[in-house]
Amino acid sequence: MKYLIKNKVIIIFLILGLIIGGYLSYRKFRVANSDTSLAVARVIRDDIREIISGSGNIVAVDSLKITTRKGGEIIYFPFDEGDKINKGTLLLEIDSKEIIRQIRDNKLSLASQENNLEKLKLSKSNLENNLKKLESEYASLQRGDEMKKEYEKSLSLLADFFSELPTIIRDVEDVYFSRNFFERGYSSNIEYYLSYFTKNFSDESTKLRVKTDKIKDRLSELSKKFSQIRSKHEEGSNFDFLDQSHKLALDVQDWIKYGLDNIRKIKENASLEDSVHIYATTIDFHFNLLKDNHEKINNYSQLMLETLNRFNSHNDKLEQLVVDMETMKNNIKQSENDIKNLEISIAQTKSKISDLEDDLNDYKIYAPLDGVVKSVYFKKGDLVNSGSVAMEMISRAKVAEIKLNEVDISGIKRGQKAILTFDALPDLEIEGTVNDIDPIGEIDQGVVSYSVKIIFDNSQEQIKTGMTVNADIIIKERKNVLVIPQSAVRLTNGEQFVEVVKEKNLIENHLTTRPRDGVYIIKSKSKLNIDKRSVKLGLSDESKIEVVSGLNEGEWVVADRPKNDKNRANEKQGLFQRMMPNPQRMIRNSGNR
């Protein structure tokens, strides 16, 4: 018995080991071969309504109260008691000059804003074109087509310089440190020349010898570097080397000029004394040799300086282009912000005009039904408040009476449109208008409700008194506006934003499901680039929300999956959950037995 139990335990552990190993392998395979799964929605144009819904019944009324929806002076009200009125007759008009003025002013403002928007867009386009030109110029300068030519010229110039400089130095050394004057006390020509101007000519000659050796050492060092530069063809290092060579040329120039100036003074003194120096021939030879070599070095120095200036100008231009491009980018960014802000202002102005035009309709009241004037409470020229009862009409009419709670009733106003549907008539949908709102609520089991009467076209004979009616009262409405699912909106630190998927074509090629509430599921092996973008939002209904600014039609945004998406639940279910029996099902089955 113990043996059997022991074997059973071993078998159980083996089975568990196989299951766990299989599960881990499955998970690894699944992760390795899984696609990117994402819920997305397209930015589209659609109508959107903000509604308050309620239900009630169709009731019969003997009279209707005609109430004003705006306050002001009555400029048209020609009816008396007993007058017959047909449906659609203008009953009353209130002075609307002020609101007409506001509409006109806002339309003028809108036109100005739209004109400014076009100017901003044109300015942004010009900035972008200028940026492209700067970037093209920068790329061309970076390629350095002209500088390559300058570089080749500088190599040729330096080659000539380092080829001729040793000869120049030898010539000048011969002038300075040879002994062509056989006078006592002078060990070199330069000591003889300096003796005309200083008693310390020997010390000065020594200093000049030190300077000469330094020049020769620098020549040797730079010559080796030049050989390396020519072999490696390093353009970047050539600029610094050219600068070093130019400094050497300037030092050699000063070195030659030192002797040249001293000899010139001796010649000038002889000329002033109208005498001929006993070594005039030698002095003239030294002077002309120094002069020729000084001119050669001066020429090299000037050519090097000009090349350096061109290099510097090129680099300065590159640096300035970087600054200009950065400035241009900042200007473009500012233009984008200005455009965005102006687009928001335009959307707000359009919304205001729409609201004002909707309000303008409330300044005229038309007869909702055929009837007879029962009572008149005002006359032309009187001042009335919004919501005042102007007259009562006798009319055996049917109206929809619904109940709304104390929260919803605050958004209801007389004159608002309503869509009516009927449980008994599923194919019928008609439009109505809020005509009366009960100012006193009814309390039932602690819940306060208010009665709202909605008038509609009584020509529909199939609508009977007592029928159940459902009403969607339109609080606000926007037509043909950009909308996205509400599930696409994110909120962080009070900022509303969406996640925009940049690969539009990739999404459209990988849609795997039909849209549900405007949301698609895509699967792709490619990693998607997602950009966070701030948005300004407007009206919303149960599933979608208006986008005032921040998105363009046709763009794709990340959205949450619909709550009833079974695939989502299956994705979260692990291998064990799919393989093992459902405990709840086992309990129910057990109970059934």
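Analyst: Lys-97 is exposed, at 60% relative accessible area (exposed means over 50%, buried under 20%, and partly exposed in between, using a 1.4 Å probe and protein chains only). Its side chain meets that of Asp-95 in a salt bridge, 2.9 Å from N to O; the term covers a side-chain nitrogen of Lys or Arg within 4 Å of a carboxyl oxygen of Asp or Glu. Asp-95 is partly exposed, at 23%.

A word on where this comes from: the model is predicted, so local features need pLDDT of at least 70 and side-chain atom pairs count only at pLDDT 80 or more, while totals for chains, interfaces and linings use all residues. Residues are numbered from 1 along each chain as its sequence is written, and side-chain values use heavy atoms, leaving out hydrogens and water.

Now for helix α2, which spans residues 97-143 (helices are DSSP runs of H or I, at least four residues, numbered from the N terminus). Lys-124 and Glu-128 both sit in this helix, 4 residues apart, or about one turn, and their closest N and O atoms are 2.6 Å apart in a salt bridge. Here Lys-124 is buried, at 17%, whereas Glu-128 is partly exposed, at 28%.

Helix α6 (residues 235-272) holds Lys-257 and Asp-261, again 4 residues and about one helical turn apart. They form a salt bridge too, with 2.8 Å between the closest N and O atoms. Lys-257 is partly exposed at 39%, and so is Asp-261 at 24%.

There's also a network: salt bridges link Glu-98, Arg-101, Arg-104 and Asp-105. Across the whole structure, the search turns up 33 salt bridges.

Note on methods
Helix = DSSP H or I, 4+ residues; strand = E, 2+ residues; numbered from the N terminus.
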